Amino acid sequence: VLATLAPVPSDEIFDLNRAYARDTFPQKVSLGVGVYRTDEGKPWPLPVVEKVEKKLLEENDPSRHEYTAIEGDIPFLELARDLMFGFDGKNASAEQEEAKKRIASVQAVAGTGANHLGGLFLATHMKPKNVWLSDPSWANHMTLWEMAGVPRKTYPYYEPKTRSLDFTGMMATLEAEAQEGDVVLLHACAHNPTGLDPTKEQWMEIADLCERKQLFPFFDSAYQGFASGSVVEDAWAVRYFFQHKPHMEMCVAQSFSKNFGLYGQRVGAFHYVTTVAGVDIRDTVVNNLCHLIRGEFSMGPRGGCSIVKKVLTSDELTAEWYEDLKVMSSRIKAMRQALYKELVKLQTPGTWEHIVNQNGMFSYTGLTPAQVTALKEKYHVYLLQSGRASISGLSEKNVAYVAQAIDDVVRN
Ligand code: LMR
């Protein structure tokens, strides 16, 4: 049997990580995987997370390693939902309490797990003819939907000449080709890999189009609060669809990997939004999701979600978390500026404003695959073949070196 196994491409992001780890060159720079790094190039356990970890240790709760319900830790799920959709926790209005009944939430194995579970759920119960992914998108979206067995199509998203969002192309393709019931995958903010997001007006048009053509919006929200520093701003699109299109079903895959720096803890949630606010229908959706969860992984992991839960239950800790979010988003913005300035100083051929205009973790630099290879081989600077660079890998110490390297590969 093994002899008949077809070769399968390995994951570029994690391959690059491994190659970087093996590289012994002192000035090596990792701009590959999307993880936050300090100006010293180190991982950054968020101060609020460290504080809560200590508290949890002190509390020594004897049930901390128990099973949760199949849907996951219910108080955590309520907090995650409130954060995503903008409900005011315990002070929610009667209208908000009603709106909460439209949302079925379950815990998932971080963002990937939430995307996967959502894909499986839709494939099983809605049987969409196609899923529409942006071109380009996070490579794992392709894999996830392939595994769900839903045919994948792409809508234009990036205009290489102007290095901007191809909104016209996106809308024209979906308008002409998407069929009723098709899933449209949308990045809630900080599009991975391009760093290009629709404007609010464009989001409104996308919402109208989905409603009119009866498409199913599937939001991937991996960067809430991490991109702009504001959890409200980064949830704008999801909240707009939810509030303004009550007759449209949709779903959200929510990750806490980046915004809490809990990458390896696999904290996430999947929210399915129904058009009817009713406990019965919500429970039926949850139960169906639980059926899939039980058969796959029984329940989401507990450790990281206990941390998030503790932060989000306390106003004081939530305020500290907001500060941590600002530290991360501001450093990334500062590094965009620093790289841009260095390239301008060097008069590197081409235009580089897009580096400062793009949003979130990544810059879609426009560097060609050959230039990316040269950066790695000659300068030990690692980024994806598509030219995607994880900006957080830049620091005050290495940004001039990286700019020099880019300058050289662009010229030669
Ligand atoms: C990335 O795109 O680099 C991150 O989201 C990490 C991952 O899981 O791919």
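Guide: In this predicted model, helix H2, made of residues 47-59, packs with helix H12, made of residues 315-345, at an angle of about 145°, and the two axes are 8 Å apart. On the H2 side the contact is made by Pro47, Val48 and Val52, while H12 contributes Leu317, Glu320, Trp321 and Asp324. Sorted by class, the residues of this contact are five nonpolar and two charged, with no polar residue.

The domain assignment of the protein chain gives domain 1 (11-45 + 319-411) and domain 2 (67-313), and the C-alpha centres of domain 1 and domain 2 lie 28 Å apart. The contact between them takes 23 residues from domain 1 and 23 residues from domain 2. On the side of domain 1 that touches domain 2, H12 and strand S11 (362-364) each supply at least two residues, and H12 gives the most, with six residues. By class, that side of domain 1 has 10 nonpolar, 10 polar and three charged residues.

The ligand, too, involves both domains, for its shell draws at least three residues from each of domain 1 and domain 2. The residues around the ligand are Ile13, Val33, Gly34, Trp138, Asn140 and Asn192, and by class this shell has three nonpolar and three polar residues but no charged one.

Pro193 is found in the loop between strand S7 and helix H8 (200-213). Another cis peptide bond runs from Asp135 to Pro136, with omega near 5°, and Pro136 is found in the loop between strand S3 (131-135) and helix H6 (139-148). A further backbone feature is found at Lys127, which has a positive phi of about 45° although it is not a glycine; Lys127 is in the loop between helix H5 (110-125) and S3.

S3 and S7 both belong to an open sheet of seven strands, which has the order S2-S10-S9-S8-S7-S3-S4 and mixed pairing. Strand S2 (103-109) and strand S4 (152-156) stand at the edges, where each has a single partner strand, so one side of each is left without a neighbour in the sheet. From one strand to the next, the twist averages 25°. Within this sheet, S7 (residues 183-187) and S8 (residues 216-221) run parallel and are joined by five bridges; Leu186, for its part, has Phe219 in S8 as its bridge partner.

Stepping back to the whole protein chain, there are 15 helices and 13 strands, and along its principal axes the C-alpha trace spans about 65 × 60 × 55 Å. A compact globule of 412 residues would have a radius of gyration near 22 Å, and the protein chain, with 21 Å, agrees with that expectation.

How values were computed: Residues numbered from 1 in each chain as written. Predicted model: local features only at pLDDT ≥ 70, side-chain atom pairs only at ≥ 80, totals over all residues. Near = placed C-beta within 6 Å. Nonpolar A, V, L, I, M, F, W, Y, C, P; charged D, E, K, R; others polar. Domains from an automatic or database assignment. Axes fitted to C-alpha atoms, helices over the stretch in contact; angles between N-to-C directions. Helix = DSSP H or I, 4+ residues; strand = E, 2+ residues; numbered from the N terminus. Contact = placed C-beta atoms within 7 Å. Pairing = 2+ DSSP bridges. Rg over C-alpha atoms; globule rule 2.2 N^0.38 Å.
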